[in-house]
Every structure is written in structure tokens, then in C-alpha cells.
Number of protein chains: 2
Amino acid sequence: MKEIEADFIIQHARLTHKILRRADSQLNIHGISFSEYMLLYYLNEAPNNVMRRIDLAEAVGISASGVTRMLAPMEKIKLVEKEINPRDARVSLVKLSETGKTIFAEASVTFAHTAKSITHALTTEQLKKMLGFTSQLV
Amino acid sequence: MKEIEADFIIQHARLTHKILRRADSQLNIHGISFSEYMLLYYLNEAPNNVMRRIDLAEAVGISASGVTRMLAPMEKIKLVEKEINPRDARVSLVKLSETGKTIFAEASVTFAHTAKSITHALTTEQLKKMLGFTSQLV
DNA sequence: GATATATAATTGAGTAATCAAGTATTATTC
DNA sequence: GAATAATACTTGATTACTCAATTATATATC
């Protein structure tokens, strides 16, 4: 008797690689990687498009130092801007710039297309169910 | 109106990071990473515990060169062995060693535990359904 | 059966992440 | 209110990959 839980994790990992390859190569057109897209995604959702770096790390699922390293080039090409938190000088806030918003909007069209092509085997109903399950595990 | 497909991909990626962190830190006890566990997993499933490097790459979801780089240390500690394919000299086969089998068996106990702890929010029935959906996307 | 094309694997160079340690600031405790 | 602990972030060193190019072999085509 096989363990379904372990099986699920293995299959999940396989799917991850497929998604990553596909999304990365498609988003490449907009000059961003999938991780960068995710980062922009969370900034776009955030109130005032501002987040603390540590919360961004938590959201995207990478380490604090990973965020620092990812943001450096994104700041250079002005996708995001650094802001100070007057209440707490330890914190360095990240804000989605106008350029960032534009790029994100454009990339989102591509991403939606990629997402649809990956999930086309499932009906909306099935996908909704699956998203519900996934959310319970995150 | 939000795109459910895109949402699903984002949630999937979040779950991936959670799984990876958890699995890596747990498997660490056995001296292997999650990718190494996956590699052993596919070798363990393979007939005669032998696979071509390129098929291993495809299974695990990394590049051919990634496999070469991953296997080097695993060969050194004798988890796997190199074998020649007499029919095709381009191919270099990889075989799960006896040590590898033992380590994999031990790590599988840990991994099953990790997998259960990640998926505990879902019933077996739900998980079965989710695995079915995931398989359709891979 | 020689030439062109395809396949399997490796290697060099580069990138993206990690962890551990360090800095700066804020919060807690006595 | 001084000392200790906690938090947010950055940096150095390392690791785990990637892609492009290379080597070696096998297959297809003319």
C-alpha cells in the first residue's frame, strides 16, 4: 500500500518544475522571471502598493536575503522604489512604481495565458476545488 | 473578476516553497536534500533500479547538466553507481546501490511523516481527488 | 558507406538562491 | 534607564542550479 501523501508531494514537485519552466520562458518577453512576477503580484495586491521586505519574503516564499538580492536589480530598472518607515528605522519599505505597475499589467496578460495553458485539462469547477484544497495547505 | 488559473499558479508556488523548506530540513537528518530524495525515489521505482541520466532529469524535472552535478556527490558517497550501456555508448546508466536503497527506505519514513504533516488539513478522499487533478496537469 | 543530423552526457561561465554572521534599531525586563 | 533580547535588513561565502558550447556516439539520408 502506497502512501498517498508522499505521492502527492512528489507529483506536486513535478508540476512545479513544469510551471516554473513554462512561466519563466513566457515572462521572459517582459524581462522578468516568475519569482519577480510573484513579487510584483504581491506588491500589486498590497494596500498602497507598499510592503515591508520581510513580508514580501514571507509572501513570495523566499528568505529575507533573497528579497534583498532580488530587489537590487528591480530597483535599478525602477520597477520598485525604496521607502523609509518613519515609525521604525529598521524597516525599509518597497513600493511598486508606476513603471512597475505597467510592466506588471502587461506581464499579467502573458501570465494569465500561461496559467490557462497549464490548467487547460481541468474545468473551472475542478480548478476552483483544487485552489480551495491548495489554500488549505499553504 | 479575477483569473482563477493565475491564482492557482500563485498558490501552487507558495505551497511549493513551504513543502521544499519543510522537506529539506526534515530529510537533512539523513544527509540528503529533497531533490536528492526525488532522484532516489525515481530510481527506486525504476525496473532493476536503473535509469538513464536523461530520463532521471526528465523525471525529477531538472536539466541534464543538473543531473550530472547532483549525481557526482551521490556517487562519491555510494548512494548510486554508474553503469555502462553496452548497446549505446553515449548513455551512462545510474543504478541505486544497496546503500542507496537503505538510505532511501529510512528517508521514506521521514518523508511520509513530513508529507502527512503538510497535508493533514485534507481528508484522504480530498487528497486523492487533488492528486488526480495534479496528475492531469503534470 | 560517407555525410549530415540527432542524442547523451559533460564542462565552463554565470545566476539565483541559501545560511550564518554582522549592523542598526526597537522593545522588554529588571 | 541600563542591559538584554528581538526584529529588519544586508553582506560574505557557498551551493544548486541554468544555458551554451563541446565531446562522443548513434541514426538517417543520399
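## About the model

The model is predicted: local features need pLDDT of at least 70, side-chain atom pairs count only at pLDDT 80 or more, and totals for chains, interfaces and linings use all residues. Residues are numbered from 1 along each chain as its sequence is written, while chains are lettered from A and ligands numbered from 1 in the order in which they are written.

## How the two copies are related

Let's start with the pair as a whole. Chain A superposes on chain B by a rotation of 180° with 0.0 Å of shift along its axis, at an RMSD of 0.1 Å. The two copies are thus related as by a two-fold rotation axis. In chain A, A:Met130 has the C-alpha nearest the axis, 3.1 Å from it. The superposition is by least squares on the C-alpha atoms of residues with pLDDT of at least 70 in both copies.

## Where the chains meet

The contact takes 40 residues from chain A and 40 residues from chain B; two residues are in contact if their C-beta atoms, placed from the backbone, lie within 7 Å. On the side of chain A that touches chain B, at least two residues each come from α1 (4-27), α2 (34-45), α5 (98-119) and α6 (124-137) of chain A. Of these, α1(A) gives the most, with 16 residues. Helices (H or I, at least four residues) and strands (E, at least two) are DSSP runs, numbered from the N terminus.

By class, this side of chain A has 22 nonpolar, 11 polar and 7 charged residues. Here Ala, Val, Leu, Ile, Met, Phe, Trp, Tyr, Cys and Pro count as nonpolar, Asp, Glu, Lys and Arg as charged, and the others, Gly among them, as polar. Because 100% of the interface residues of chain A are also interface residues in chain B, the copies meet through the same surface.

## The sheet in each chain

In chain A, 3 strands form an open antiparallel sheet in the order β1-β3-β2. Its edges are β1 (50-52) and β2 (80-84) of chain A, each with a single partner strand, so one side of each is left without a neighbour in the sheet. The twist averages 35° from one strand to the next. Two strands pair if DSSP finds at least two bridges between them; β2(A) and β3 (residues 92-96) of chain A pair over 5 bridges in the antiparallel sense. There, A:Val80 has A:Leu96 in β3(A) as its bridge partner. Helix α2(A) packs on the sheet, touching β1, β2 and β3 of chain A, and its direction makes about 90° with that of β3(A). Such axes are lines fitted to C-alpha atoms, for helices over the stretch in contact, with angles from 0 to 180 degrees between N-to-C directions.

Chain B also has an open sheet of 3 strands with antiparallel pairing, in the order β1-β3-β2. In β3(B), B:Leu96 stands opposite B:Val80.

## Facing the DNA

Around DNA strand C there are 19 residues, of which A:Ser63, A:Gly66, A:Ala89, B:Ile54 and B:Ser65 come nearest. A residue is near a strand if its C-beta atom, placed from the backbone, lies within 6 Å of it. The largest share of this surface, 4 residues, comes from α4(A). The residues near DNA strand C divide into 6 nonpolar, 7 polar and 6 charged.

DNA strand D has 20 residues around it, with A:Ile54, A:Ser65, B:Ser63, B:Gly66 and B:Ala89 coming nearest. For this surface, α4(B) gives the most, with 4 residues. By class, the surface near DNA strand D has 6 nonpolar, 8 polar and 6 charged residues.
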